[in-house]
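Please open the structure in your viewer and keep the selection tool at hand. The stops below can be followed in order.

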Amino acid sequence: MNEQILAVQRMQDYISENLDKDIKLSELAQAAMFSPWYSYRLFREYTAMTPAEYIRKLRLSRAAMRLRDERCRIIDVAFELGFGNVDTFTRAFFREFGLNPNEYAKMPEPITLFVPYGVKYKKLVKEKVDMSNTQSIFVQAIRKPERLCIIKRAVTADEYYSYCEEVGCDVWGILMSMRSLCGEPVCMWLPEKYRKPDTSTYVQGVEEETDYLGAVPEGFDTIRLPEAEYLMFQGQPFREEDFSEAIQAVQQAINSYDPSVIGFEWDNENPRIQLEPRGERGYIELRAVKRI
């Protein structure tokens, strides 16, 4: 991977770790290990944003998550995330999301959060990898309740990469702004009965209570899933740049696993579920089962 990409990634990492501070271009340049002028140019080239635009979007999205999940004062959120005063914060929040922070705190609705994808991961492509190093996979039986899923369908996508090519990556930002029963958005491979004509197997969405009365974002759909048992497969923690290997290790374990040894058989009437690959916890995938 070339040094320019790694330099921009170091700037992104520095921003994420110091978001509550006054971040100067000189500090980003120091992280990038290039001159301020060249660092600025590289950042804009690889992220399509200036550092200031990137920082503002990330701060506003962090602020929205706090207003959604915590009982906190708007003034506190504004100052803690580096805005000079409440008026500046309110204007910026409205420009970004189309409503003011006080309205959002009282009644959160789906908005498009900024998801700061690292530039070095954009350059990683799905390819065959060396799986000779065996990894430990943790397997646990869990039960999911009946639930309503708010999903975004694609047309032909059958995995993450083709899905992003079809619908873009902003979908994840919208889903991140919504509360979910499992605490985060999910990706799913839908059985035929949950698909509509000319729509994809692979979708992304959130799981909600069956009596959910909140907003459904434009272009999204809903499906109702029954209570079901799942086997959760969780791999070892991994470096973020090794996410492809981590996913393949877990999927290889699933494909070779015989659920009958613990009294189950695969249930192909319920979706297979994928959680966001996060290095600190390991890759997680769930496959539905039913008791023999």
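Predicted model: local features only at pLDDT ≥ 70, side-chain atom pairs only at ≥ 80, totals over all residues.

Residues are numbered from 1 along each chain as its sequence is written, and side-chain values use heavy atoms, with hydrogens and water left out.

**Helix α2**

Select residues 25-32, which form helix α2. Helices here are DSSP runs (H or I, at least four residues) and strands are runs of E of at least two, numbered from the N terminus. Which residues of α2 are buried? They are L28, A29, A31 and A32; buried means under 20% relative accessible area, exposed over 50% and partly exposed in between, with a 1.4 Å probe and protein chains only. These residues lie on the same side of α2, because they cover an arc of only 160° around the axis, taken from the directions from the helix axis to the C-beta atoms.

Just after α2, look at M33, which takes a positive phi of about 70°.

**Where α4 meets α6**

Keep α4 and select helix α6 (residues 86-97); their axes come within 10 Å and cross at roughly 95°. Axes are lines fitted to C-alpha atoms, for helices over the stretch in contact, and angles run from 0 to 180 degrees between N-to-C directions. Among the residues in contact are L60 and L67 of α4 and F89, F93 and F97 of α6.

**Aromatic rings**

Next, show F83, F89, F93, F97 and Y104, which ring pairs link into a cluster. Rings of Phe, Tyr and Trp (its six-membered ring) pair if their centres lie within 6.5 Å, and planes over 60 degrees apart count as edge-to-face.

Move to F233 and Y257, an edge-to-face pair at 5.4 Å centre to centre with 80° between the planes. F233 is in strand β6 (residues 228-234) and Y257 is in the loop between α11 (243-256) and β7 (264-266), 24 residues apart. F233 counts as buried because its relative accessibility is 0%, and Y257 as partly exposed at 22%.

**Charges over rings**

Finish with R272, whose charged end sits over the ring of W189, 3.7 Å from its centre. The criterion is NZ of Lys or CZ of Arg within 6 Å of the ring centre and within 35 degrees of the ring normal. R287 lies over the face of W266, at 4.0 Å from the ring centre.

Methods
Phe/Tyr/Trp six-rings, centres within 6.5 Å; stacked < 30°, edge-to-face > 60°. Contact = heavy atoms within 4.5 Å.
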